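Hi everyone, thanks for coming. Let's look at this one together on the screen.

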Amino acid sequence: MPLRFKFEVEGQVQVDRAFLQVEHGADDLDRIGVWEAAAEEFYEIERDEFQTEGQGDWQPWSLAYEKWVLANDPFPMLMRKSQRLYLSLSRKHHEDAVYEAKPKELLIGSRVPYGRYHMTRYKNRPARPPINMTREAYKRRMTKAIQKKLVEFLRGVTGSGRGRGFVQREIIDF
């Protein structure tokens with residue numbers, strides 16, 4: 001059975017890929033550093049995503065509203081008024097960050113309660129999901145981070161120099 005990687009956000013699968021020929025030796029992905037590499041990439045993607053201020057397919061602010069925001073809001077970036085959601089999704093050790101690594105499962109998220117409201121559209125407010133792995137570039141980055149750690153481990157680079165299992169040669173997207 002190939003090693004399968006699924007990324008779910010609020011119950012919706014955003015990435016579902018399998019690393020073929022990785023069947024033996026990768027039993028504890030936390031111990032061999034796969035989850036740490038995936039988390040580092042996730043946090044980097046989140047920092048990039050927050051810099052876009054949740055760009056999407058909606059109308060830009062009106063000139064009047066933009067002037068009002070700039071005059072009345074000391075920190076006008078979208079989704080970053082208090083920085084709490086941003087920091088909890090871009091820093092592993094933030095007090096609101098969720099990071100739980102198990103041998104075959106990694107949970108990353110935020111304890112910030114209002115984060116889920118950004119996930120869906122509401123009246124005139126468009127959805128600006130704070131976690132968005134639907135972009136192909138993000139999927140590739142996450143896949144490559146995991147693949148690199150797996151290949152290092154399976155080739156024995158991180159161990160005694162001897163191979164520890166099969167080397168992954170193909171990735172399939174479900």
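The largest pocket is lined by 34 residues, with F7, E8, V9, L107 and I108 nearest its centre. A pocket here is an open set of points on a 1 Å grid over the protein atoms alone, where a 1.4 Å probe fits, with protein on both sides within 12 Å along at least five of seven lines; lining residues have an atom within 4 Å of a point. Please keep in mind that this is a predicted model, where local features need pLDDT of at least 70, side-chain atom pairs count only at pLDDT 80 or more, and totals for chains, interfaces and linings use all residues. Residues are numbered from 1 along each chain as its sequence is written, and side-chain values use heavy atoms, leaving out hydrogens and water.

What is the lining made of? It divides into 23 nonpolar residues, three polar and eight charged, where Ala, Val, Leu, Ile, Met, Phe, Trp, Tyr, Cys and Pro count as nonpolar, Asp, Glu, Lys and Arg as charged, and the others, Gly among them, as polar.

Which element gives the most? That is strand 1, with seven residues; strands (E, at least two residues) and helices (H or I, at least four) are DSSP runs, numbered from the N terminus.

Now follow strand 1, residues 3-9.

Methods: Buried means under 20% relative accessible area, exposed over 50%, partly exposed in between (1.4 Å probe, protein chains only).
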